[in-house]
Amino acid sequence: MRRLLAFLVGIAAGIGLAMLIGWVIVPLDRQEITPASMRADYQAEYIRLVAVTYQAEGDLARAESRLRALGADPYGAPLIALTERWIAEDRSPDLIAPLANLAQALGLDSPAIAAYRDGGAK
Amino acid sequence: MKSWGVAVVGLLLGLVGGLIFTWFVRPLQYVDTYPPMMSARYRQDWIRMAAWSYAQEDNWDRTQTRLLHIPASEVAAGSAEVLEQAAAQGHTAGMLQRIARLAAAHGATGPGIDVYATEGAGGVMPPAAVARPSPTAPLIEQTPTTEATVTPRPRPSPTVVVSDTPGVDSPFTIVSQTLSCALEPYLAVSLELSRTVEIRGREVQEQIGLPMREIWLIWDDGADRAITGLRPRKGLGYADFTIEPGRIYNLYVDSPSGRPILTLQAEPCPPAEGTGWVSRMLVLYDNAMEQAAAGSADATGAADATAAVEATAAVGTTVPVDPTIAASPTLTPTQTARPTAASIE
């Protein structure tokens, strides 16, 4: 009985030590940390940067690749969601226009975005 | 086996099993990260996008927030790359300046950054370069991809059609044209200021390249623009374009309006000179700045002029003018349509 208790205590201590080593001290960095892992507000900023950069670079394939890095399915969902949210919140046209333009260029229009674009900035 | 021995065996088994679980079965998952934590390639992309955004929106505080905790060396490298790309794409001087300032603020150095990050670089920054209106659509700057294959030489009967030499009231003077044969025809321009300075009692003529000036090439249904100074090794006033055979081009400086400085068309090289297209290197003098510089030199005296010469020599801005070429090309008047703003792409 005493040896069994010592064995269980040993295993528990070993597992605890392994968790400390494997998750804190020496985590095995096998995965890439992508924009998909960023906090929501940083992801919104990322999407806006993608749209603004597309305005300057004019590289649609690159913009699409950047959006895909967010790991959403379909890949354009975060762009559409953010654009629609900012339209609903009546954000500045300076913020919304690049997003709407990128969505249109990628063929990701939604009724709300199309209506905003057709109606212009409020 | 004693109790402590059993405990050690348990510890080892727990450690091995736990490491297999934490490293392979359930590795660490990153959630709610922020840009500095991202893998290098995504972090670099974030920096590039932040630089592009700053170039367009000119919001320094927001840009610094975006780049917070990212190593300055990475920001410098990323911004420098964006500067090169922006310059190659022919973005406005204002955008280039902002990107260069961002790069310089994070420790980046280099000839392009030196040119754009500091207003008045080399002491010859034209005032118009700071607040000149720019076209709304970015224009692609084309640069020659093939160097001249034949040593530049004067041609007694050039096959390039040239017309509309600047009038007597033109602010620019073509002081030399060097023609050469190249597989891909190009037009290179060196915009310079020529002035006389006095050094130890002797008058010396010096040429200074003028960076940050817009050179325009307009044709029937399009336009191209380059900004001088992107290749400081070729001179601060240097800019170049590829040109297409059969097209008639009008050359302008600063803005694509008024009387063109030159009208030209690339034609094949004579068979005796090899295959390829006639390309040319122009040296232009900015008369208006020359007059201003002359007035300034008169006012400041020899001591200041000496200092200016030394400063210019230090950054290597002077571009030699080939006196043997200046009078070589035959200029043939040609009637061409005047470009309009609507013709600009």
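## A residue to start with

B:Ala288 sits in helix α7 (residues 287–315) of chain B; helices (H or I, at least four residues) and strands (E, at least two) are DSSP runs, numbered from the N terminus. This is a predicted model, in which local features need pLDDT of at least 70, side-chain atom pairs count only at pLDDT 80 or more, and totals for chains, interfaces and linings use all residues. Residues are numbered from 1 along each chain as its sequence is written, while chains are lettered from A and ligands numbered from 1 in the order in which they are written.

Now look for B:Ser170: B:Ala288 and B:Ser170 are 118 residues apart in sequence, yet their C-alpha atoms are 9.0 Å apart in space.

## The two chains

Chain A has six helices and zero strands, so its pattern along the sequence reads α-α-α-α-α-α. Of its 122 residues, 34% are buried. Chain B has seven helices and ten strands, and 43% of its 345 residues count as buried.

Next, contacts: two residues are in contact if their C-beta atoms, placed from the backbone, lie within 7 Å. Take the contacts in chain A between residues at least 6 apart in sequence, and 56% of them join residues at least 24 apart. For chain B, 74% of such contacts join residues at least 24 apart.

## Where A meets B

How many residues of chain A are in contact with chain B? There are 40 of them, and they touch 38 residues of chain B. On the chain A side, the elements giving two or more residues are α1 (2–25) and α2. The most comes from α1(A), with 18 residues.

Sorted by class, this side of chain A has 24 nonpolar, eight polar and eight charged residues. Here Ala, Val, Leu, Ile, Met, Phe, Trp, Tyr, Cys and Pro count as nonpolar, Asp, Glu, Lys and Arg as charged, and the others, Gly among them, as polar.

## The cores

A nonpolar core is a set of buried Ala, Val, Leu, Ile, Met, Phe, Trp, Tyr and Cys residues joined through C-beta atoms within 7 Å. The largest one here has 99 residues, and those with the most contacts inside it are B:Leu83, B:Leu96, B:Ile99, B:Ala103 and B:Leu284. Helix α2 (residues 40–57) of chain B gives this core its largest share, nine residues.

Which residues does B:Ala103 touch? Leaving out residues up to four places away in sequence, B:Ala103 touches B:Ala76, B:Ser79, B:Ala80, B:Leu83, B:Ala108 and B:Ile113. There is also a second, separate core of eight residues, including A:Ala6, A:Phe7, A:Ala18 and B:Ala7.

## A helix pair in chain A

Find helix α2 (residues 40–57) and helix α3 (residues 60–68) of chain A: their axes come within 9 Å and cross at roughly 165 degrees. Axes are lines fitted to C-alpha atoms, for helices over the stretch in contact, and angles run from 0 to 180 degrees between N-to-C directions. α2(A) and α3(A) are therefore roughly antiparallel to each other, since angles over 145 degrees count that way.

From α2(A), the contact uses A:Val50, A:Tyr54 and A:Glu57, and from α3(A) it uses A:Leu60, A:Arg62, A:Ala63, A:Arg66 and A:Leu67. By class, that makes five nonpolar, no polar and three charged residues.

Most residues other than glycine have a negative phi, and most peptide bonds are trans. Here are some exceptions. The peptide bond from A:Asp73 to A:Pro74 is cis, with omega near -5 degrees, and A:Pro74 lies in the loop between α3 and α4 (77–88) of chain A.

A:Asp90 is not a glycine, but its phi is positive, near 60 degrees. You'll find A:Asp90 in the loop between α4 and α5 (93–105) of chain A, and it counts as exposed because it has 10 C-beta neighbours inside 10 Å. B:Met212 also has a positive phi, about 65 degrees, and belongs to the loop between β4 (202–209) and β5 (214–219) of chain B. B:Met212 is buried, because 25 other C-beta atoms lie within 10 Å.

Key. Buried ≥ 20, exposed ≤ 12 C-beta atoms within 10 Å, placed from the backbone. Parallel < 35°, antiparallel > 145°, perpendicular 65-115°, else oblique.
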